[in-house]
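Here is a short briefing on one protein chain and its ligands.

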Amino acid sequence: MAELQSIDTALTALLHNVVITPAQSLPCDEAAGRVLAQGIEARLDVPAFDNSAMDGYALDHRDAGKRLNIAQRIAAGSPVKPLVPGTCARIFTGGEIPPGADCVVMQERVEVEDDLAAIPPDIPAGDNVRRRGRDVAAGDLLLPAGERLEAAALGHLAGQGITEVLVRRRPRVALLSTGDEIVEPGQPLAAGQIYNSNRPMLRRLLERFGAELTLITSIPDDPEGTRETLRTAARGTDLVISTGGVSVGEEDHVKAALTSLGQLDLWRLAIRPGKPLALGRLPDEKGRDVRFVGLPGNPVSCFVGAWLFLRPLLGALQGCPALAELPCLTAQAEFATQTEPRRHYMRVALEFGSKGIVARAFRDQNSGVLSSCISADALAVIPAETRIEPGDPVDCLWLRVE
Ligand SMILES: Nc1nc2c(c(=O)[nH]1)N[C@H]1C(S)=C(S)[C@@H](COP(=O)(O)OP(=O)(O)OC[C@H]3O[C@@H](n4cnc5c(N)ncnc54)[C@H](O)[C@@H]3O)O[C@H]1N2
Ligand code: MOO
């Protein structure tokens with residue numbers, strides 16, 4: 001039996017020579033969550049002109065401490081005239097600073113009587129002025145290639161008047177379920193059968209990681225059926241994923257089919273859950289390599305495997321470094337545990353309190369207990385052959401991310 005491989009070896013094999021998906025042009029309105037295929041240079045200064053950060057009065061700072069005539073009124077979007085020396089302008093947030101003014105005093109600090117404003121002393125030049133180009137200067141790199149277009153990045157593009165972007169095509173993924181005992185919700189259950197929990201769970205995770213599910217089907221529990229389904233699944237896809245059928249049982253046909261059609265790169269990892277995970281490649285209709293990930297059938301093994309392997313792989317396929325690694329927080333364990341030769345990824349809830357972050361482990365960490373994943377904020381990484389006592393520091397991979 002093959003020796004258990006480390007997760008680092010598996011990730012290296014998985015991410016080696018990944019081919020990034022081609023670029024496509026998309027309207028910004030449809031590009032949320034997509035990854036930029038090339039860097040974007042700013043074409044406008046933002047802000048486009050010096051403007052007020054407050055509702056108040058714009059003046060030359062050398063006139064601070066005086067009573068000034070209010071000579072003009074500037075709302076956001078209204079045109080401005082140069083400030084007549086020795087006067088001030090009524091101005092509103094976002095209004096353009098008129099030539100001749102260099103600061104704004106907020107209205108709460110100004111006494112107004114008729115057309116005269118009593119300005120407090122000692123206002124520094126530049127006070128409450130948002131300078132042209134403070135956020136972005138034309139010619140700057142606005143967003144780099146590989147940026148995932150989330151809320152602020154979409155706002156930044158709109159701030160430049162950009163309507164169309166070049167993004168990576170979403171990786172096409174085939175999601176296959178093995179197991180004659182697995183039935184789809186909506187169908188009746190016979191004795192010994194269970195519903196397919198892995199399919200909707202992985203579908204949701206994969207879509208969050210940027211995938212397009214182009215094929216979702218089941219693999220029959222026989223060697224020829226398994227081979228045929230894998231062969232078809234590799235056509236026109238970037239990644240084939242299966243669940244179940246990778247352990248040592250007589251009904252586990254996935255590895256044999258993979259080996260006969262393509263290549264099994266690695267099997268069995270020193271991690272819990274997820275030990276029988278299989279990585280490899282299948283040829284597509286043109287003979288090109290399509291990545292294959294065989295996740296173990298237990299639902300928790302699928303959940304954890306998706307976060308540890310599918311997220312970075314989809315990141316690599318989209319050229320998106322942000323998906324490569326999960327943020328890691330150090331928390332105090334509120335539990336005791338002892339690991340064996342496998343590194344354990346425990347499902348924990350994190351509490352952020354005055355004494356720091358506390359990790360509370362779900363009571364049952366068996367890989368068939370999907371309840372453990374519902375409230376999991378993080379995966380606590382417990383190294384192999386390690387004893388953890390309450391209060392010990394543990395590394396936790398944060399799952400509440402995009
Ligand atoms: N003799 C050994 N037996 C097992 C070993 C081992 O090393 N020696 N490893 C165990 C570990 S660890 C795991 S994990 C499982 C994984 O086995 P498979 O990947 O072959 O998965 P299956 O046997 O097909 O299924 C395991 C379990 O999960 C249920 N399942 C499968 N698919 C789904 C689904 N889509 N939705 C819900 N539940 C699913 C299936 O009914 C089984 O109960 O092997 C151990 N055995
Ligand atoms: O490796 Mo299995 O996923 O522990 O139960």
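Predicted model: local features only at pLDDT ≥ 70, side-chain atom pairs only at ≥ 80, totals over all residues.

V348 stands opposite A378 in strand β26.

**Strand β26 and its partners**
- Strand β24 covers residues 343–353 and runs antiparallel to β26. The two are joined by 5 bridges.
- Strand β28, residues 393–398, also pairs with β26 in the antiparallel sense. Here the count is 4 bridges.
- In the β28 pairing, V381 stands opposite D395.

**Ligand 1**
- The shell around ligand 1 holds 27 residues. N198, G244, S247, P296 and G297 come nearest.
- Which elements each supply at least two residues of this shell? They include strand β13 (172–178), helix α3 (198–208) and helix α6 (299–318).
- By class, the shell around ligand 1 divides into 15 polar, 8 nonpolar and 4 charged residues.

**Ligand 2**
- Ligand 2 is surrounded by R272, P273, G274, K275, P296, N298, S301 and S367.
- That shell has 4 polar, 2 nonpolar and 2 charged residues.

**Annotated domain**
- An unreviewed UniProt entry lists residues 174–316 as "domain: MoaB/Mog".
- Over residues 174–316, the chain is 34% helix and 29% strand. The end C-alpha atoms of this stretch are 17 Å apart.

**Whole chain**
- The protein chain has 28 strands and 7 helices.
- How does its radius of gyration stand against that of a compact globule, and what are the two values? A compact globule of 402 residues would be near 21 Å, but this chain has 30 Å.
- The C-alpha trace spans about 90 × 55 × 40 Å along its principal axes.
- Of the 402 residues, 37% count as buried.
- Take the contacts between residues at least 6 apart in sequence: 71% of them join residues at least 24 apart.

Note on methods
Residues numbered from 1 in each chain as written. Chains lettered and ligands numbered in written order. Near = placed C-beta within 6 Å. Nonpolar A, V, L, I, M, F, W, Y, C, P; charged D, E, K, R; others polar. Pairing = 2+ DSSP bridges. UniProt positions renumbered as here; feature names shortened; annotations may be inferred. Rg over C-alpha atoms; globule rule 2.2 N^0.38 Å. Buried ≥ 20, exposed ≤ 12 C-beta atoms within 10 Å, placed from the backbone. Contact = placed C-beta atoms within 7 Å.
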